[in-house]
Amino acid sequence: MKKTSGAIDLALIAVFAAFVAACAMISIPMPFGVPITLQTLGVLLTGLVLGPWRGFLSVVLYLLVGFAGLPVFAGGTGGLGVLSGMSVGYLLAFPFASLAAGALAIWFVRAGFKVRYAWLTVAAAVGSFAVIDLAGIFGMMVVGQTDFVTAFGYNLPFVLGDAVKVFAASAIAVAVNKAFPVLLAARKPAAA
Amino acid sequence: MNGLFSLYAPGDSVFHRLPVGWKYLIMFAATFVGLLLRNPWVSLGVLAAVTLALTACGVGLRHALGLPPAVWLTAGFLLAYQIAVGAWATGVVVACNLVGALYASRILTATTPGPVLVDALVAAARPLRFVGADPERIGLAVMLMARSLPMMWDAFGQVRDAARARGRERNYFALVAPVVVRAVGYAQATGEALMARGLGERRSR
């Protein structure tokens, strides 16, 4: 068993925070009008690739740098202004989505579950729908002062894109975990 | 840190010369007063104040006050929705807070170069020492992230060029996997470089 060092953990956290920012800059036109960015794909992947704690810290760093004013959020925005915007719930949920997806992924992998792609898809789906979308809907209820059903309706146009991103995230995570098995490998408890 | 990842517009207004800490204070105050008080007159007042302040930054009206159409649409829709359900005051609060907070942030981001923002965040991490965190590691992570931003963006560009050469540039998701592999590789190399310099290790032993 090989444990990564503190310095490499730090570098992984920082570089993946930048990766999420780069993902947020990429905007894909969709057939149904609402363009999607790869922001949530980056968030889910960070958890699936780095595991829960590094994933969580990485996305927290991403949010901090954005709140501090660097334009790293989708649409090239930055600063605390996003806190009163409609997307506040989604943004604040990102670290927890990364945490949830990473924790489930590591649990499935360590438990020796076969068909890794399917189980990573489950992990990504929990992060995307149970964490991000739910918090996003709650955020829109608070910011827009609306009820659950209305906010749920606002969220609907994004669900298709989110589903695509969930499948993509798990496929990419499987490939990356093959290239760097140490990051999410079935580690035995520390031998010392 | 210039170009893509900065909203900074050079100038010599009062706000360009104001220390970055004060600008953060203005941003915090303007954002949270409206959010906490939920009073339509307060929110309108804050919006008017930050709009005036932004115009005084001298960065050009479009750069100062322009917002994506989606934001105007959202603000207008929220206002109309609340008026329709008979809560005009809530509508004014919600719409003004939305635009006001974006403008308040822009006072900071339009008049402060990116590296200054990064330095401010590193400085802000220093008091975290008292709750057991290691401010040096946090500062290092912030600077490392800021440095990695252009690098990650370039990685997407290079992978896209490679895909274009093979006529596959439309598949966005196929672009991501090589970028993630590069990110891990780059992070491992960076981590080893940090270790070689005795940086970034946890201090407690």
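This is a predicted model: local features need pLDDT of at least 70, side-chain atom pairs count only at pLDDT 80 or more; totals for chains, interfaces and linings use all residues.

Helices here are DSSP runs of H or I with at least four residues, numbered from the N terminus.

**Chain A as a whole**

Chain A contains seven helices and two strands. Read from the N terminus, its elements follow the order α-β-β-α-α-α-α-α-α. The radius of gyration of chain A is 17 Å, close to the 16 Å that the globule rule gives for 192 residues, so chain A is as compact as a globular protein of that length. Along the principal axes, its C-alpha atoms fill a box of roughly 55 × 35 × 30 Å. Of the 192 residues in chain A, 54% count as buried. Now consider contacts in chain A between residues at least 6 apart in sequence: 70% of them join residues at least 24 apart.

**Where chain A meets chain B**

In this model, 48 residues of chain A are in contact with 56 residues of chain B. On the chain A side, helix H1 (6-25), helix H2 (39-50), helix H3 (52-67), H5 and helix H7 (159-179) each supply at least two residues. Which helix gives the most to the side of chain A that touches chain B? That is H1(A), with 16 residues. Sorted by class, the side of chain A that touches chain B has 37 nonpolar, eleven polar and no charged residues.

Of its 20 residues, 19 are buried, so H1(A) is largely enclosed by the rest of the structure. Its end C-alpha atoms are 29 Å apart, in agreement with the 28 Å that 20 residues should span at 1.5 Å a residue.

The domain assignment divides chain B into domain 1 (3-113) and domain 2 (126-196). Taken over C-alpha atoms, the centres of these two domains of chain B are separated by 31 Å.

H2(B) has 18 residues and reaches 26 Å from its first C-alpha to its last, close to the 26 Å expected at 1.5 Å a residue. Its buried residues are B:Lys23, B:Tyr24, B:Met27, B:Ala30, B:Thr31 and B:Gly34. Seen down the helix axis, these buried residues fall within an arc of 135 degrees, so they line one face of H2(B). An α-helix has 3.6 residues a turn, so residues three or four places apart point the same way. The buried residues of H2(B) pack against helix H1 (14-17), H3, helix H6 (88-111) and helix H7 (114-124) of chain B. Turned away from that buried side is a face with the exposed residues B:Gly21, B:Trp22, B:Ala29 and B:Leu36.

Most residues other than glycine have a negative phi.

| Residue | Phi | Other C-beta atoms within 10 Å |
|---|---|---|
| A:Gln145 | about 55 degrees | 18 |
| B:Arg38 | near 55 degrees | 14 |

B:Arg38 follows H2(B) and lies in the loop between helix H2 (20-37) and helix H3 (40-55) of chain B. How exposed is B:Arg38? With 14 other C-beta atoms within 10 Å, B:Arg38 is partly exposed. A:Gln145, with 18 such atoms, is partly exposed.

Note on methods
Residues are numbered from 1 along each chain as its sequence is written. Chains are lettered from A and ligands numbered from 1 in the order in which they are written. A residue is buried if 20 or more other C-beta atoms lie within 10 Å of its own, exposed if 12 or fewer, and partly exposed in between; C-beta atoms are placed from the backbone. Domain bounds come from an automatic or database domain assignment. The radius of gyration is taken over C-alpha atoms; the globule rule is 2.2 Å times the number of residues to the power 0.38. Two residues are in contact if their C-beta atoms, placed from the backbone, lie within 7 Å. Ala, Val, Leu, Ile, Met, Phe, Trp, Tyr, Cys and Pro count as nonpolar, Asp, Glu, Lys and Arg as charged, and the others, Gly among them, as polar. The expected span of a helix is 1.5 Å times one less than its number of residues. The arc is that of the directions from the helix axis to the C-beta atoms.
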